[in-house]
Amino acid sequence: MDQTFKTLLLRYQNYLLEFFQLIEDKELIATNNVETAQNIKKFLENLPEITGEFELAFSISKTIAAHVSTWSVDITEEGFSFRSFSTDENIEEIDEWYLHYYNSTQEYEGNLFNDGDWDLYLEEIADLDEFDGSKLSADFIYNVA
């Protein structure tokens, strides 16, 4: 993890922790994911130096019939991706919010840069519920050596 990568993670650390907290508040961590979720939370709280290959990801999704809206965080040795997107059987994937960082080129792109953008992103997550037959779910990946 180079210095730019680490600096960007530090910049967005509180937002990532708030995102994770919203998943906890909605009680979406299944019993079989408790250990993985706790490892992710510890990583976000401490942002340890990691060398070599790793993958850390978590997401929350809302499904209504064939429409799925997902808010996700993916962090690997190659960079990171924070985004929200929707899929449907009739449409291809549509990005709504996103911030991608590529470690190999030290470049980033997206529309999720400033505090106001993050406030809106997190507000969308906070407003998620299981109204009108929708279903909320959360997924977690933690592969850190």
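Which strands does α1 lie across, and at about what angle does α1 run to β1? In this predicted model, α1 lies across β1 (54–64), β2 (67–76), β3, β4, β5 and β6, and runs at about 40° to β1. Here's a quick tour of the sheet and the helices that go with it.

**The sheet**
- Six strands make up an open sheet, in the order β5-β4-β3-β2-β1-β6 with antiparallel pairing.
- β5 (107–110) and β6 (135–144) sit at the edges, each pairing on one side only.
- From one strand to the next, the twist averages 15°.
- β3 (residues 79–88) and β4 (residues 91–102) are antiparallel partners over nine bridges, and glycine 79 has tyrosine 102 in β4 as its bridge partner.
- α3 packs on the sheet too, touching β1, β2, β3 and β4, with its direction at about 50° to that of β3.

**α1 with α2**
- α1 (residues 3–25) packs against α2 (residues 34–46) at an angle of about 155°, with the axes 9 Å apart.
- The two helices are therefore roughly antiparallel, and their crossing is left-handed.
- On the α1 side, the contact includes Leu16, Leu17 and Phe20, which face a set in α2 with Ala37, Ile40 and Leu44 among them.
- Sorted by class, this contact has six nonpolar, four polar and three charged residues.

**α1 with α3**
- The axes of α1 and α3 (residues 115–126) come within 10 Å and cross at roughly 10°, so α1 is roughly parallel to α3.
- Tyr12, Tyr15 and Phe19 are among the α1 residues here, and the α3 residues they join in this contact include Trp118, Tyr121 and Leu122.

Technical notes:
Residues are numbered from 1 along each chain as its sequence is written. This is a predicted model: local features need pLDDT of at least 70, side-chain atom pairs count only at pLDDT 80 or more; totals for chains, interfaces and linings use all residues. Side-chain values use heavy atoms; hydrogens and water are left out. Axes are lines fitted to C-alpha atoms, for helices over the stretch in contact, and angles run from 0 to 180 degrees between N-to-C directions. Helices (H or I, at least four residues) and strands (E, at least two) are DSSP runs, numbered from the N terminus. Angles under 35 degrees count as roughly parallel, over 145 as roughly antiparallel, 65 to 115 as roughly perpendicular and the rest as oblique. A crossing is left-handed if the near helix is turned anticlockwise from the far one by less than a right angle, and right-handed if clockwise. Contact means heavy atoms within 4.5 Å. Ala, Val, Leu, Ile, Met, Phe, Trp, Tyr, Cys and Pro count as nonpolar, Asp, Glu, Lys and Arg as charged, and the others, Gly among them, as polar. Two strands pair if DSSP finds at least two bridges between them.
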